Amino acid sequence: MPRPRKKGRRREVKRIPRSMATLPEFDRGAVPEGLVTRRQLRDMNLSPGDNRSPDGSRGPVAILRCEWCGYRPWLSCNHPTRGRLFRVDLAKPKRVPTLAQERALDQAMAARQTCPKCKRRYYFCLPLRAQGVCDPCDKGYEPSPETVMTSPATHRLAA
């Protein structure tokens, strides 16, 4: 017999008039030029950088209202689906990792991708916590060649 579901506490809805919102809000399709979301910044190889809101704190400078709040223009949007808007002119280029950082990341990934039994390195992370070894070692078959790293790269970095 399945256990009865726990009823969670209902989230309290705060209805704030749009005129009292701390950040300016824009509906989808009505965003002014120069404001983009974090995902759009990432596609431009930029990070938010020194974006500051009108009150001087770091973070988004405006809110992109969710689709549902577009039907209630008199209220402020406080849903988790809302987006945060950043200024493009204040964005900075993404940081490039150093060679030592890339080497450390590669060592961490190698620990997750290498089978402790057969010492093969795969292109994906292995279920080491659940199984302890790779699937071919666990089930007794030969791995397919496209899943195993055959020749080590000259610089030995995964990134």
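Trainee: In which helix is Arg38 found?

Mentor: Arg38 is found in helix α1. The model is a predicted one, in which local features need pLDDT of at least 70 and side-chain atom pairs count only at pLDDT 80 or more, while totals for chains, interfaces and linings use all residues. Residues are numbered from 1 along each chain as its sequence is written, and side-chain values use heavy atoms, with hydrogens and water left out.

Trainee: What makes a run of residues a helix or a strand?

Mentor: Both are DSSP runs numbered from the N terminus: a helix is H or I over at least four residues, and a strand is E over at least two. By that rule the protein has 3 helices and 6 strands. From the N terminus on, their order is β-β-α-β-β-β-β-α-α.

Trainee: Which residues are said to be in contact with Arg38, leaving aside its neighbours within four places in sequence?

Mentor: Contact means heavy atoms within 4.5 Å. Arg38 is in contact with Pro48, Arg84 and Phe86. Arg38 and Pro48 are 10 residues apart along the chain, and their C-alpha atoms are separated by 7.1 Å.

Trainee: How confident is the predictor in this protein?

Mentor: Confidence is given by pLDDT, a value for each residue from 0 to 100. The protein averages 81, and 77% of the residues score at least 70.

Trainee: Why is Gly83 called buried?

Mentor: A residue is buried under 20% relative accessible area, exposed over 50% and partly exposed in between, using a 1.4 Å probe and protein chains only. Gly83 has a relative accessible area of 16%, and therefore it is buried. Gly83 lies in strand β5 (residues 83–87), where it touches Ala62, Ile63 and Leu64, residues up to four places away in sequence not being counted. Gly83 and Arg39 are 44 residues apart in sequence, with 9.9 Å from C-alpha to C-alpha. Of the 159 residues of the protein, 27% count as buried.

Trainee: How do you know that the span of α2 agrees with its number of residues?

Mentor: The expected span is 1.5 Å times one less than the number of residues. The 15 residues of α2 should therefore span 21 Å, and its end C-alpha atoms are 20 Å apart, which agrees.

Trainee: What makes the buried residues of α2 line one face of the helix?

Mentor: The buried residues of α2 are Glu102, Asp106, Ala110 and Gln113. Seen down the axis, they fall within an arc of 75°, so they line one face. The arc is that of the directions from the helix axis to the C-beta atoms. On the other side of α2, Leu105, Gln107 and Ala111 are exposed.

Trainee: How many aromatic pairs does the structure hold?

Mentor: The structure holds 1 aromatic pair. Tyr122 and Phe124 form it, at 5.4 Å centre to centre and with 40° between the planes.

Trainee: Why is this pair called tilted?

Mentor: Rings of Phe, Tyr and Trp (its six-membered ring) pair if their centres lie within 6.5 Å; planes under 30 degrees apart count as stacked, over 60 as edge-to-face and the rest as tilted. Tyr122 is buried, with a relative accessible area of 1%, whereas Phe124, at 41%, is partly exposed.

Trainee: Where is Tyr122 placed, and which residues does Tyr122 touch, not counting those up to four places away in sequence?

Mentor: Tyr122 is in the loop between α2 and α3. Tyr122 touches Gln113, Cys134, Pro136, Pro143, Thr147, Val148 and Met149. Pro143 is found in the segment after α3 and is buried, with a relative accessible area of 13%.

Trainee: What makes the phi of Lys119 worth noting?

Mentor: Most residues other than glycine have a negative phi. The phi of Lys119 is near 65°, a positive value in a residue other than glycine. Lys119 is found in the loop between α2 (99–113) and α3 (135–139), and at 61% relative accessibility it counts as exposed. Asn45, which is not a glycine, also has a positive phi, of about 60°; its place is in the loop between α1 (38–43) and β3 (46–47).
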